[in-house]
Amino acid sequence: MKNCTIQVSLLASAIGLIATPALATDIRIDGFANIVAGQMISDTDDGSLYGYDEDLSFSPESNYGIQFRGDLQEGLSVTAQIVGRGSEEFDATVTWAYLTYEINDELSLKAGRSRVPYFIYSDFLDIGYAYHWIRPPQAVYGLGFENQDGLTLEHLKDIGDWTSRITVMAGRLDTNTDLDGTDVTLKILNQVGAAWSMSYDWFTARVAYFTSRVEIPVDDLTTLSQGIIDYDAGLALAVPGYQEGTLDSLADKVVFDQDKAEFTGIGFVADKGNLFAVTEYTQVRIDDSSLEDRDSWYASAGYRMNQFTLFGTYEKYNFNAKTEEIDKFANAAPITGVPALDGARAGILAALPDIFAGEQDAEGMGFGVRYNFHPSAAIKIEYNQLDNRTTDTKPQSIAIATNIVF
């Protein structure tokens with residue numbers, strides 16, 4: 001909590017500076033809260049969804065946030081946002097902090113930490129009131145990171161009856177995240193990319209593309225990579241005709257050392273009258289790494305009846321693990337009869353399945369209802385099921401949420 005107090009104090013000091021008459025006369029404060037209770041309703045052997053277990057819990061998905069925006073006049077403003085999550089004991093963290101300069105009516109420039117527009121709902125990902133689900137479909141939105149430190153250029157323009165929005169970003173991010181069940185330090189370096197949406201009346205189409213270099217320092221992976229290199233050198237000395245460097249490619253794939261990453265997304269929204277539908281498809285590729293190739297998509301539709309909204313969602317996970325690397329190693333690394341080399345070979349073969357273990361073939365379904373009982377608040381109930389063919393499990397959960405904006 002000490003770190004939390006320091007962050008909040010610094011932010012309060014910054015807002016105080018903004019409030020001085022010499023700098024600005026207008027400060028806007030907005031906020032949101034999502035109170036979410038859920039639990040699993042399937043057999044405990046099927047695992048969990050969204051962090052829930054067999055007991056009712058409020059922690060996994062509840063959160064709150066407060067955003068401060070200070071107008072410094074003449075096109076310059078500063079924005080900061082504090083968010084506290086139940087999964088992190090509701091400790092307050094400064095998630096956004098950036099300056100914005102409006103170059104003209106169509107063009108603006110941001111500098112600082114802000115949200116990367118990977119998805120349709122990226123701008124208000126934490127604000128449950130802004131969308132019909134309790135949480136956006138995790139097949140697509142469960143990327144594990146959201147923000148970036150850097151520069152953002154945004155262009156908004158009407159083109160005939162269409163509205164064009166182009167967002168170009170460049171920067172980096174250092175954060176802690178979950179990688180296939182393991183907490184790691186993730187570094188996204190030299191990330192550049194753009195998102196472009198075109199809207200016409202009730203229809204919106206959107207595309208996004210980002211490329212970066214990914215670095216994840218993990219001691220065990222570094223040790224394994226070096227072990228493969230040493231084993232390769234040993235084979236070159238012991239096996240006539242063996243070419244040293246044969247296993248360099250595998251050694252590179254085991255570690256994340258500034259590997260090239262690409263994110264591609266496409267989405268559509270149709271919202272006409274009482275009916276609406278939204279779909280997104282995303283693709284994640286990290287070359288020369290052990291991370292599986294990820295292709296994910298979802299489709300969701302709903303119907304509004306006065307204050308009520310009924311909705312359903314289908315989502316698809318298609319994560320293809322690079323298990324062929326294990327066979328490549330087994331074929332390239334001969335059994336020599338030298339105990340030290342053959343022991344190293346067996347150890348590497350035993351470790352590789354855990355490294356290339358990201359296979360997931362799963363589909364999810366969800367059904368729910370939203371009730372807007374107040375102009376600034378809504379209640380939602382949602383049932384979700386995941387049919388994971390890779391693990392042969394079918395976890396099911398149910399949750400109820402109250403979403404508030406103020």
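**Exercise 1.** State which two side chains meet in a salt bridge at 2.8 Å, N to O, and work out which parts of the chain the pair ties together.

*Solution.* The pair consists of Arg-165 and Asp-123, where a salt bridge is a side-chain nitrogen of Lys or Arg within 4 Å of a carboxyl oxygen of Asp or Glu. Arg-165 belongs to strand E7 (residues 162-179), whereas Asp-123 sits in the loop between strand E5 (107-115) and helix H2 (138-141), so the contact ties together parts that are 42 residues apart in sequence. Helices (H or I, at least four residues) and strands (E, at least two) are DSSP runs, numbered from the N terminus.

This is a predicted model, in which local features need pLDDT of at least 70 and side-chain atom pairs count only at pLDDT 80 or more, while totals for chains, interfaces and linings use all residues. Residues are numbered from 1 along each chain as its sequence is written, and side-chain values use heavy atoms, with hydrogens and water left out.

**Exercise 2.** Determine where Glu-325 and Lys-328 lie, and decide whether Glu-325 is buried or exposed.

*Solution.* Both residues lie in helix H5 (residues 324-332), three residues apart, about one turn of the helix. Glu-325, at 5% relative accessibility, is buried; buried means under 20% relative accessible area, exposed over 50%, and partly exposed in between (1.4 Å probe, protein chains only).

**Exercise 3.** Find the loop that holds Asp-201 and describe its phi.

*Solution.* Asp-201 is in the loop between strand E8 (182-200) and strand E9 (203-216). Its phi is near 55°, a positive value in a residue other than glycine.
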